[in-house]
Amino acid sequence: MTVPVERDTLRPHAEDAFAAELAALAAQDDRPRPARWRLSPWAVATYLLGGTLPDGTVITPKYVGPRRLVEVAVTTLATDRALLLLGVPGTAKTWVSEHLAAAVSGDSTLLVQGTAGTPEEAIRYGWNYARLLADGPSRDALVPSPVMRAMAEGMTVRVEELTRIPADVQDTLITILSEKTLPIPELGQEVQAVRGFNLIATANDRDRGVNELSSALRRRFNTVVLPLPGTPEAEVDIVSRRVGQLGRSLDLPAVPDGIDEIRRVVTVFRELRDGVTADGRTRLKSPSGTLSTAEAISVVTGGLALAAHFGDGVLRAGDIAAGIVGAVVRDPAADRVVWQEYLETVVRERDGWKDFYRACREAGA
Amino acid sequence: MSGGKADTTEPLLLGVRHHGPGSARAVRAALDDARPGVVLIEGPPEADALIPLAAGEDMRPPVALLAHAVDEPGRSAFWPLAGFSPEWVAIRWALEHGVPARFIDLPAAHTLAREEDEGPAPGAGEGTVPEPDVRTDPLGVLAGAAGYDDAERWWEDVVEHRGVGKGDPVAPFTALEEAMTALREECGGGGHGRDLVREAHMRLRIRAARREFEDGVAVVCGAWHVPALRRGSPVAADRALLKGLPKVKTDMTWVPWTHRRLSRASGYGAGIDSPGWYGHLFDAPDRPVERWLTKVAGLLRAEDRMVSSAHVIEAVRLAETLAAMRGRPLAGLSETTDAVRAVMCDGSDVPLALVRDRLVVGDVLGEVPATAPAVPLQRDLARIQRRLRLKPEAAERELDLDLRKDTDAERSRLLHRLRLLGIAWGETAVSRGGTGTFRESWRLRWEPELSVRVAEAGVWGTTVHAAATAKAETDAVTARGLDAVTGLAEHCLLAGLSGALPTVMRILADRVALDTDVGRLARALPALVRSLRYGDVRGTDTAALAEVASGLAGRIFVGLPPACAALDADAAEEMRGHVDAVHGAVGLLGDSPAPDHRTLRARWQSVLRTLSARDTVPGVIRGRCVRLLLDGGELARDEAARLMGLALSRGTPPADAAAWIEGFVGAESGGGLLLVHDERLLALVDAWLTGIPAEAFTDVLPLVRRTFSAYEPGVRRTLGELVRRGPGARGSVTGTGGGPPGFAPGLDTARADAVLPVLRLLLGGPDAEDEEAATGPAGPAG
């Protein structure tokens, strides 16, 4: 996943970590590039999806998923439209946006982190008040936001968690995206975006209580929804790999890997999420929670901790039952019915799941 | 070739992909350019006589040529034609220019006869499909050579998405023919025996046409066949190939077709996924992408989704840039779909499914003139009517059927099937000869318009059985409510359509799983259990039905307790009805031998217990649950008395207690006989009633009155007598002496023993345990 970098940073930027791949792509890229793009759209897609260059350089895949999505994302940026990456937590939205920015502009650091407290200054500009008081308003006293810098230099700017930003602050993006200018009324000036400027936003489409985008802003974006892992095997793989990493970093006592239980957690999550059993024969109701891969990881990690500290050191159905029930039953009324229906109609009759059924019954709900 | 002047003009061979809009366009251009004297089309020659019908005003594609064996309407084949099919374009061109058109493929008489040997292929339209995927996949090889991983896309890029070129209209066909020739050489002549026979027949027909028409012959056929038709082959050899082919007597007609059926994977044309898109490509005069996206925007707007012109503009830009990025000459369906998803649908697949359903596939329904020959369904019906001696008569008459007789059972199935098809020949009437499940009464009347209905139903299939099966499956998919699907399942059993049951059951299971209204689920269960028992009686395989029924019961068990909380009086009364219905259904279901069903009853009893003990559940339901448990022998008398005392104690509001009594001994629950026979319960009611404070009594009075006034007069009188006699006299009932009025104080064992053999005979229970269980609860009531 990462390439070692000769520095002590905990996590290098994408353009640093994959500098060699980007350089090789740029050297052999003979297709037309849009203004100020480091690579042609084809090369950007190759960078994300992986491949082998004519000279034998191997490009590692950054995103494992449908090729179609990456093509639409890159094409969106090439047609000068802003890109909105949607998905439940843990679907690599930020990861994809970082690598897109690194490949297109060679710089993934122009970033606005969206929070409930993100001010307008983070999207437009702020003032250096010492300079402002000393010299009066001038361009020198102005502190540009990442968006403003990207406009001036024709770069790609990223906005993380767009829907967490308050609605009035979000709307400052409308002018920027439609007029491609950022007025500075205090100075009677404006910053006009140069060619190559574009914006990638990410947002979480399952969270409650977020600030929905206004339709005016929404239509400035092309939307790409990043899906959850396509196959159970891929998801089991992601979960067990990640659980292993987490277990090491949390210094959990080593537990023989409970791949069967992990598969069980993933199966339960996938079945409830998709609203259909793995064999595709029975429909199910879906609970209100997201049941993302990230939650499956935390259920298994919690189960491991239970097994290591209080159990016999082997991950068993009982260790994960409470975690699963907690993850599924978010709404005490509606989700409980969903969960019990699932237990009674699917789990109860499944071969080899007796222990799990019993453990879940004991775990209550 | 045998020589002669026909050789001087080579026939114009136009190789096409069936249902390819680009091929269709190219065919029209080539025909306009060459102006042949006759157009030969790949298709069954028996249909030659039907070609003029295609010119009619009231003939609208998509339609299909239907061939069926005269003696066996079930054996049939379809050749569907859409407005954008090259074959249809060729037919229309010929009719418009007054040029004869002929079909030249192997006659359906042989095709259908052959199917007999090769196993069933109903409606598989084997006649004209090149079936590249199945055999040697010529297009796949060509596409692979061109660097495409998807043959369909390659064909679309190279042929279908080409506009009408400025140059020679025949040039694309020549190029394609060369490619196909090379390919067939590579594959060793495409050695499938069937193809060779068909091509031999086509060659013979082409020769005949060339002798007859001097001024040019055009042939429209699958691209795969072109090299074989071009290559000369001795007439004698061709004749030899065709010699001694099996043959059946066949009939042909036009039937209306739909885009949805064109998109089906089965049948002719290897299932085109996107007839609507192809139709659009064929019909759009120019700028197909822009027009398509405007259409999509219109659809989304009609469904109240905000889509502006700006959206369309951006979607067009995205689609075209995507096409460039993927190296395609024109944005295809996948590019436009991606663009619609990203720009107009906020990345969601939900509105996209609508676009796919309405536009990409489309709702287009073909029409066929009334003068088209009769559909085979009519023949099949007539045959069955003769066999079952059931004449269609305009006068109304009653028909009583005894389903134990084979003929009557078949008649019943026929009438049920016709009803499913919307042919209301018979209406079920209330049976005069008793209510046994083996009797059925029908009122028959054949209205003239029913013949029209039969013709309409012809789209569903060629036999009554097949048509009813197809119709039932479609009905299940489109059914709105759960009730409709359960009704359909019942109907399928009545009509003996076990073929449709798997689909209906699958839909039913889906609906059951997604329905959150326990009331609806509870209503569906009794019908399902009825069907199950009916199926059992008739020996139908009802395993799937039983599985769905027990799944449904399980869901009700889970959902019922929460659904019973916080209900008002009306809703509580309704829910009580549901509890009753489920109870009856579970009782029937529990009798079946499936191991899972044994536990159902125990699970249901635990639900009843939960309900009876939960304070938030309305009194009427709690009372009913206690009663059901008591009647089932699951609750001891003492326990019932305790619960009753609890419900009627001082702490309970009188109105609530009255509701409990209504549930426990209300007329719907089986009347007050229980009170007559159980003095202790009566004493509890009595004590409660007399203990109500005066001001509350007037509030409770209407409720109590409603409960007791519905009793049978005899029961009311006995109760009154019991109450008048006073508590002292009743108290002795449970003791050794005394007894209910009319009964001796002790048990006369000799007389009781005399009854036992008869009881055993009636109940059919050989072992003593069953007997006890059966007689136990029945004792006090009877």
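Helix α19 (residues 464–478) of chain B packs on helix α21 (residues 501–514) of chain B at about 10 degrees, with the axes 9 Å apart. That angle makes α19(B) roughly parallel to α21(B). The model is predicted: local features need pLDDT of at least 70, side-chain atom pairs count only at pLDDT 80 or more, and totals for chains, interfaces and linings use all residues. Residues are numbered from 1 along each chain as its sequence is written, while chains are lettered from A and ligands numbered from 1 in the order in which they are written.

**Terms for the helix pairs**

- Helices (H or I, at least four residues) and strands (E, at least two) are DSSP runs, numbered from the N terminus.
- Axes are lines fitted to C-alpha atoms, for helices over the stretch in contact, and angles run from 0 to 180 degrees between N-to-C directions.
- Angles under 35 degrees count as roughly parallel, over 145 as roughly antiparallel, 65 to 115 as roughly perpendicular and the rest as oblique.

**Helix α19 of chain B and its partner**

- On the α19(B) side, the contact uses Ala472(B), Glu473(B), Ala476(B) and Val477(B). They meet Thr503(B), Val504(B) and Ile507(B) in α21(B).
- Two residues are in contact if their C-beta atoms, placed from the backbone, lie within 7 Å.
- The residues of this α19(B)–α21(B) contact divide into five nonpolar, one polar and one charged. Ala, Val, Leu, Ile, Met, Phe, Trp, Tyr, Cys and Pro count as nonpolar, Asp, Glu, Lys and Arg as charged, and the others, Gly among them, as polar.
- α19(B) has 15 residues and reaches 21 Å from its first C-alpha to its last, close to the 21 Å expected at 1.5 Å a residue. The expected span is 1.5 Å times one less than the number of residues.
- Twelve of the 15 residues of α19(B) are buried, so the helix is largely enclosed by the rest of the structure. Among them are Val464(B), His465(B), Lys471(B), Glu473(B) and Asp475(B).
- A residue is buried if 20 or more other C-beta atoms lie within 10 Å of its own, exposed if 12 or fewer, and partly exposed in between, with C-beta atoms placed from the backbone.

**Other helices of chain B**

- Helix α16 (residues 376–387) and helix α18 (residues 449–457) of chain B have axes that come within 8 Å and cross at roughly 120 degrees. That makes α16(B) oblique to α18(B).
- Leu377(B), Gln378(B) and Leu381(B) in α16(B) meet Val454(B), Ala455(B) and Ala457(B) in α18(B). By class, these residues are five nonpolar, one polar and no charged.
- Helix α20 (residues 482–494) of chain B has 13 residues, which should span 18 Å at 1.5 Å a residue. Its end C-alpha atoms are 19 Å apart, which agrees.
- The buried residues of α20(B) include Leu482(B), Val485(B), His491(B) and Cys492(B). Just after this helix, Gly496(B) takes a positive phi of about 65 degrees.

- His68(B) sits in strand β3 (residues 63–69) of chain B. With 27 other C-beta atoms within 10 Å, His68(B) is buried.
- The C-alpha atoms of His68(B) and Thr253(B) are separated by 8.9 Å, although the two are 185 residues apart along the chain.
- Pro62(B) lies in the loop between β2 (38–41) and β3 of chain B. The peptide bond from Pro61(B) to Pro62(B) is cis, with omega near 5 degrees.

**Chain A: make-up and confidence**

- Chain A has 16 helices and eleven strands. Of its 365 residues, 41% count as buried.
- Its mean pLDDT, the predictor's confidence in each residue from 0 to 100, is 85, and 93% of the residues reach 70 or more.
- Within chain A, confidence is lowest in helix α11 (residues 232–249), at a mean of 74, and highest in strand β7 (residues 156–160), at 95.

- Asp80(A) has a positive phi of about 70 degrees although it is not a glycine. Asp80(A) lies in the loop between α4 and β3 (82–87) of chain A, and is partly exposed, with 17 other C-beta atoms within 10 Å.
- Lys180(A) has phi near 60 degrees. Lys180(A) is in the loop between α9 (172–178) and β8 (181–184) of chain A.

**Where the chains touch**

- The contact takes 28 residues from chain A and 27 residues from chain B.
- On the chain A side, α4(A) gives the largest share, six residues.
- By class, that side has ten nonpolar, nine polar and nine charged residues.
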